[in-house]
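Please keep the model open beside it.

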Amino acid sequence: MHNAPKKLSSTDLALYIEQTDSMTKPWLLAQLRLLKLQERRDSLSEAEYLQEITDIHQHMMSLGEWWQGIEDEVFG
């Protein structure tokens, strides 16, 4: 029987961000927002959920090409 890996929670990711002093890494902060949104999905209306997804997307798009020069760290 195959054991599925533990699903990452927003608490786990927040702790990782804190312990690695990664508050300035936009890809991790966006992932944290997405995890928190996923965890609250059942308590949100469709309109609220779509608005939050749109907000996260707009934030990421406003960052531009932030990964340039750190591709190995981000995507490696």
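1. Over the ring of which residue does the charged end of Arg41 sit? The ring is that of Tyr49, with the charged end of Arg41 4.0 Å from its centre; a charge is taken to sit over a ring if NZ of Lys or CZ of Arg is within 6 Å of the ring centre and within 35 degrees of the ring normal.

2. On the basis of the values, this is a predicted model, in which local features need pLDDT of at least 70 and side-chain atom pairs count only at pLDDT 80 or more, while totals for chains, interfaces and linings use all residues. Residues are numbered from 1 along each chain as its sequence is written, and side-chain values use heavy atoms, with hydrogens and water left out.

3. The structure holds two salt bridges, the term meaning a side-chain nitrogen of Lys or Arg within 4 Å of a carboxyl oxygen of Asp or Glu. In one of them Arg41 pairs with Glu46, at 2.7 Å from N to O. Arg41, the residue whose charged end sits over Tyr49, is partly exposed because its relative accessible area is 24%, and Glu46 is likewise partly exposed, at 48% (buried is under 20% relative accessible area, exposed over 50%, and partly exposed in between, with a 1.4 Å probe and protein chains only).

4. Arg40 forms a salt bridge with Glu52, and their closest N and O atoms are 2.5 Å apart. This pair links distant parts of the chain, since Arg40 belongs to helix 2 (residues 26-40) and Glu52 to helix 3 (residues 46-62), 12 residues apart; helices (H or I, at least four residues) are DSSP runs, numbered from the N terminus. Arg40 has a relative accessibility of 34% and so counts as partly exposed, as does Glu52 with 26%.

5. Ser45 lies in the loop between helix 2 and helix 3, and its relative accessibility of 33% is why Ser45 counts as partly exposed. Ser45 and Gln31 are 14 residues apart in sequence, and their C-alpha atoms are 21 Å apart in space.

6. The axes of helix 1 (residues 10-19) and helix 2 come within 9 Å and cross at roughly 160 degrees, where axes are lines fitted to C-alpha atoms, for helices over the stretch in contact, and angles run from 0 to 180 degrees between N-to-C directions. Helix 1 is therefore roughly antiparallel to helix 2, a description that applies to angles over 145 degrees.

Key: Helices (H or I, at least four residues) and strands (E, at least two) are DSSP runs, numbered from the N terminus. Angles under 35 degrees count as roughly parallel, over 145 as roughly antiparallel, 65 to 115 as roughly perpendicular and the rest as oblique.
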